[in-house]
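Dear colleague,

Please find below the structure that I am handing over to you. A short account of the findings follows it.

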Amino acid sequence: ACEVRLVIEGSPRQMQRYNAWELYEKMMVHHEHFRGQVYNTLHSSSRVSCLDSCFDCAVLWDTLSTYAMQNNMNADEMLSNLLKKQVYTPQLPNEDQGSSSGKWPSCDVWAWTAPSPAQRWRDMEWALRYGKVTEAILILEVEGEADRRDVDWADLAWSLWEQQPDLAQRLYRAPRPLGRGQLVRLLGSLSEPFTLLHTWQNGLLW
């Protein structure tokens, strides 16, 4: 994103002009060269596989951990709650939650509900088709029913050939049957061997 936030210390006494193009170039350097590097965190790392040590994840975890420490809260519980409400919410509106019109229910009656096996599979297909690895890993890791013995997550390859050919080939060649934990490890190691994902961000998804 090209949005910026101006943080001012104190009360300015004179007008300050900024060069928008200079700010834009600095943002592009950050996004293209620094954002994906590996960063240390101020606190012990979280125990979720959908976050790595990139700039965004490191800042998110440090912010949550600092807030939790200052307010005697559990950082892991805060992170889990945030991921469920902001990254992956499987529950669709239904009559039991107060909505039969196709609209999301109000916050006072809504509750996060673990996905059914069929819902988890459908959501995985959607996430991987659009190259959303963070969402995909979280979908695999959230609580819910255990997979049946005949479930093979490598079968997702058949629905990915058109939009994600490299990932589909990687899944097709994976050892069978492929469990959820094995798929998490595969998605977390797409750089070895390098597996190209088509996303809106890199302009390869259409």
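This is a predicted model: local features need pLDDT of at least 70, side-chain atom pairs count only at pLDDT 80 or more; totals for chains, interfaces and linings use all residues.

Residues are numbered from 1 along each chain as its sequence is written, and side-chain values use heavy atoms, with hydrogens and water left out.

The protein chain has 7 helices and 0 strands (DSSP runs numbered from the N terminus, with at least four residues of H or I for a helix and at least two of E for a strand). Of its 206 residues, 32% are buried (under 20% relative accessible area, with exposed over 50% and partly exposed in between; 1.4 Å probe, protein chains only).

Helix H4 (residues 117–129) packs against helix H5 (residues 133–141) at an angle of about 165°, and their axes are 8 Å apart (lines fitted to C-alpha atoms over the stretch in contact, with angles from 0 to 180 degrees between N-to-C directions). In H4, Arg120, Asp123, Met124, Ala127 and Leu128 meet Glu135, Ala136, Ile139 and Leu140 of H5, where contact means heavy atoms within 4.5 Å.

Leu187 belongs to helix H7 (residues 180–187) and is buried, with a relative accessible area of 4%. Leaving aside residues up to four places away in sequence, Leu187 touches Met124, Leu128, Val133, Ala136, Ile137, Leu140 and Leu167. Leu171 is 16 residues from Leu187 in sequence, and their C-alpha atoms are 9.7 Å apart.

With kind regards
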